[in-house]
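Q: I have a structure open and want to learn how to read it. Where do we begin?

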Amino acid sequence: MNTKKNFPSDPTICVHAGEDRHGRSAPLTTEIAQTSVFTLKNVDELRRYAAGKADVYLYSRYGNPTIRAAEEKVAALEAGESCVLTASGMAAEMVTALGICKAGDEIVSMLDIYGGTIKLFNNVLTRCGIKTHLVPFTELGKLARYFNRRTRMLFLESPTNPTLRCVDLQAMADEAHRRGICVVVDNTFATPILQKPLQHGADVVVHSATKYLGGHSDLTAGAAIGAKKWIDPIRTMMIQSGGCSDPGVAYLLLRGMKTLEVRVERACINAFHVAEFLREHPKVARVMYPGLVDSPSHPIALRQMRDFGMMVSFDIKGGGSAAERFINALKTWYLATSLGGVESTVSYPLLSSHVGLSKKSLRLLDVSAATVRLSLGIEDSADLISDLAQALSRA
Ligand SMILES: Cc1ncc(COP(=O)(O)O)c(C=O)c1O
């Protein structure tokens with residue numbers, strides 16, 4: 001009951017009663033500032049906001065203390081100066097591209113990037129007059145051929161989805177920087193625990209925080225991280241185009257990130273055991289995992305990653321029908337088109353991330369009906385392997 005103020009009527013009571021700041025000890029966790037707008041004490045405070053003082057908040061789309069806390073944690077993890085949190089990974093990529101490029105500029109990227117990013121480049125950014133060239137993985141050594149005087153941004157992803165091929169970030173960044181091109185890396189699969197692209201030549205890192213950063217499959221968010229000179233214009237694009245995060249989501253993200261390091265460590269161990277198991281299995285044609293010493297990506301992963309990641313893909317013998325029987329027989333692994341949660345999940349690229357792609361594109365991407373992708377969670381690896389074994393026996 002609010003006893004301090006005597007409100008005259010129900011409509012006013014509805015709005016104002018009980019909303020005083022209640023006296024209490026400081027909470028240990030960062031609070032959810034669940035508000036769209038902030039009240040200011042007076043015009044002087046508004047003046048402080050207008051002068052860019054960081055402790056004054058005006059409107060949650062522009063900035064919010066819970067969102068700021070999550071931004072600072074992500075920036076610190078990526079060893080970046082600044083971070084802007086967004087409504088999703090796609091929103092982060094969109095505002096990053098718009099913060100760096102304008103109409104008439106061009107982007108160079110890889111054919112192997114996340115399918116949603118390809119759609120953003122081909123279907124959305126083209127409407128803003130920004131054109132993208134997608135380089136096949138085998139051509140990345142000849143990257144310079146794809147650059148021209150209009151190229152403003154190089155967009156990379158490593159490890160790739162679903163074949164988990166690693167890109168030499170420093171070599172690609174050096175090539176781009178010789179021409180003054182901004183280098184952006186999608187670090188969703190590796191997480192900053194395993195790979196810090198800003199230390200390997202990247203100017204901006206983007207994340208689908210929906211995945212490992214959040215870690216519990218219960219939020220959708222994105223982030224862009226880098227020096228203030230890059231992030232300030234990206235933040236302006238976020239504010240002006242509206243793809244902001246939400247304080248409740250930022251709270252979940254903050255909570256998820258507290259366990260990021262231990263989750264990643266456990267999931268990496270699980271991935272290693274699963275990859276070793278699959279490699280020896282007679283029904284498995286090939287295993288894609290940068291931790292295998294005979295993987296072409298192994299030397300690059302050793303150079304730029306702390307461990308080899310939480311994803312393992314493989315081709316099953318018997319093609320598409322065997323892949324379907326295998327997936328349907330799994331009991332512990334969820335069939336889910338995402339990754340990065342505490343639960344181990346399986347996905348089938350042909351009918352999800354790579355649906356509708358031509359035979360030629362699939363060949364270039366090295367993906368077929370036999371390809372299955374696994375995202376390792378934090379369960380016990382023996383339980384996960386025994387479920388894989390029984391499902392393979394039914395495939
Ligand atoms: C590597 C990668 N980048 C970006 C995205 C897009 O993220 P979101 O779904 O949060 O928009 C995804 C989503 O699967 C992804 O896997």
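Q: Is Y59 buried, partly exposed or exposed?
A: First, keep in mind that this is a predicted model. Burial is read from relative accessible area: under 20% is buried, over 50% is exposed, and partly exposed lies in between. Y59 has 33% relative accessibility, so Y59 counts as partly exposed. Y62 comes out as partly exposed too, because its relative accessibility is 34%.

Q: How is a pair of aromatic rings described?
A: A pair of aromatic rings is described by the distance of the centres and the angle of the planes.

Q: How many aromatic pairs does the structure hold?
A: There are five aromatic pairs. One of them joins Y59 and Y62. Their ring centres lie 5.4 Å apart, and the planes meet at 70°. Planes over 60 degrees apart count as edge-to-face, so the Y59 and Y62 pair is edge-to-face.

Q: What are the distance and angle for F314 and F326?
A: The centres of these two rings are 5.5 Å apart. The planes of F314 and F326 stand at 85°, so this pair is edge-to-face.

Q: Where do F314 and F326 sit in the chain?
A: F314 is in strand 9 (residues 311–316), and F326 is in helix 12 (residues 319–329). The two are twelve residues apart, and the pair links distant parts of the chain.

Q: Is F314 buried or exposed?
A: Its relative accessible area is 0%, so F314 is buried. F326 also counts as buried, because its relative accessibility is 0%.

Q: Now the helices. At what angle do helix 4 and helix 5 cross?
A: Start with the axes. Those of helix 4 (residues 89–100) and helix 5 (residues 115–124) come within 10 Å and cross at roughly 45°. That angle makes helix 4 oblique to helix 5. The crossing is right-handed.

Q: Which residues make that contact between helix 4 and helix 5?
A: Helix 4 brings M90, E93 and M94. Helix 5 brings G116, T117, L120 and V124. Sorted by class, this contact of helix 4 with helix 5 has four nonpolar, two polar and one charged residues.

Q: How do helix 3 and helix 9 pack?
A: The axes of helix 3 (residues 65–77) and helix 9 (residues 247–257) are 8 Å apart, at an angle of about 35°. The crossing of helix 3 and helix 9 is left-handed. Among the contact residues are I67, A70 and V74 of helix 3, and Y251, L254 and M257 of helix 9. By class, the contact of helix 3 with helix 9 has eleven nonpolar, one polar and one charged residues.

Conventions. Residues numbered from 1 in each chain as written. Predicted model: local features only at pLDDT ≥ 70, side-chain atom pairs only at ≥ 80, totals over all residues. Heavy atoms only, no water. Axes fitted to C-alpha atoms, helices over the stretch in contact; angles between N-to-C directions. Helix = DSSP H or I, 4+ residues; strand = E, 2+ residues; numbered from the N terminus. Parallel < 35°, antiparallel > 145°, perpendicular 65-115°, else oblique. Left-handed = near helix turned anticlockwise from the far one by under 90°. Contact = heavy atoms within 4.5 Å. Nonpolar A, V, L, I, M, F, W, Y, C, P; charged D, E, K, R; others polar. Phe/Tyr/Trp six-rings, centres within 6.5 Å; stacked < 30°, edge-to-face > 60°. Buried < 20%, exposed > 50% of the residue type's maximum accessible area, 1.4 Å probe, protein only.
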